[in-house]
Amino acid sequence: MRRDDRESQIVELLEYDLEAAFVQLYSLYGKLLLGVAYRYVADLDISQDILQESMMKAFYKIDSYHHVKKGGLLAWLKRIVINESLNYLNSFNVRMMSSYEEETINSISDEDSSDDVAFINKIDINVLSGLIAELPEGYRVVLNMYAIEGYSHREIAAILGIKEGSASSRYHRAKQELIRRVERWKKEREQTKGVIGKKP
């Protein structure tokens, strides 16, 4: 069965058979959506709770999907998961950025460097995901929203309640911090290889 056909089937099930719809949703998108939540909150247990809550929201908001349908079912579900992740961070007053972190990371150019992008793209996706998860909350959230989810700086600013310039600045600082961590990871890996290579 094609993915579009499965999506249509799931949407129909959401209207009258929640349990069956959940089974289908988890089978088709569960792992991917769990990964979306984890990128924001960096905690597997909390991510699973967010995913479950998002599935419930999808059931209660199915009418809004019929009206929007922008990007299909997956895009709609991802928006719900992202909103739930941000709600979690906000509801527990998770500190998005300490003054020390803001002051110690220098601002960089407003444009993405092709060299930076190429450098990051060489890293294994699982390693990169782990490094992103270790970023401070404020950096991790903005990096995910802009670089991965495709939100504009204006949209990010509106969602997070900050200035557009702050959203842009925070993203570029997040990217620079990620590059530093990638460089450190590569250096440590090379050192480990060197030690292993010297063993008799």
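Let me start with a definition: helices (H or I, at least four residues) and strands (E, at least two) are DSSP runs, numbered from the N terminus. This is a predicted model, in which local features need pLDDT of at least 70 and side-chain atom pairs count only at pLDDT 80 or more, while totals for chains, interfaces and linings use all residues. Residues are numbered from 1 along each chain as its sequence is written, and side-chain values use heavy atoms, with hydrogens and water left out.

First, a residue in a loop. Ala-42 lies in the loop between helix H2 (18–41) and H3. Its phi is near 55°, a positive value in a residue other than glycine.

Helix H3 itself covers residues 44–60 and contains Ser-54. Ser-54 counts as buried because its relative accessibility is 1%. Leaving aside residues up to four places away in sequence, Ser-54 touches Ile-80, Val-81 and Glu-84, where contact means heavy atoms within 4.5 Å.

Let us turn to the whole protein. Its secondary structure comprises 11 helices and 0 strands. Of its 200 residues, 38% count as buried. Among contacts with a separation of 6 or more, 68% are between residues 24 or more positions apart. The protein exposes about 11,900 Å², and carbon and sulfur atoms supply 49% of that area; the areas come from the Shrake-Rupley method with a 1.4 Å probe, and for residues only the protein chains shown count as cover.

Finally, a pair of helices. Two packed helices are described by the angle between their axes and the distance between the axes. The axes of H9 (residues 137–148) and H10 (residues 153–160) come within 10 Å and cross at roughly 140°. H9 is therefore oblique to H10. Axes are lines fitted to C-alpha atoms, for helices over the stretch in contact, with angles from 0 to 180 degrees between N-to-C directions; under 35 degrees counts as roughly parallel, over 145 as roughly antiparallel, 65 to 115 as roughly perpendicular, and the rest as oblique.

Which residues meet here? From H9 come Val-141, Val-142, Met-145 and Tyr-146, and they meet His-153, Ile-156, Ile-159 and Leu-160 of H10. By class, this contact has 7 nonpolar, 1 polar and no charged residues, with Ala, Val, Leu, Ile, Met, Phe, Trp, Tyr, Cys and Pro counted as nonpolar, Asp, Glu, Lys and Arg as charged, and the others, Gly among them, as polar.

Notes. Buried means under 20% relative accessible area, exposed over 50%, partly exposed in between (1.4 Å probe, protein chains only).
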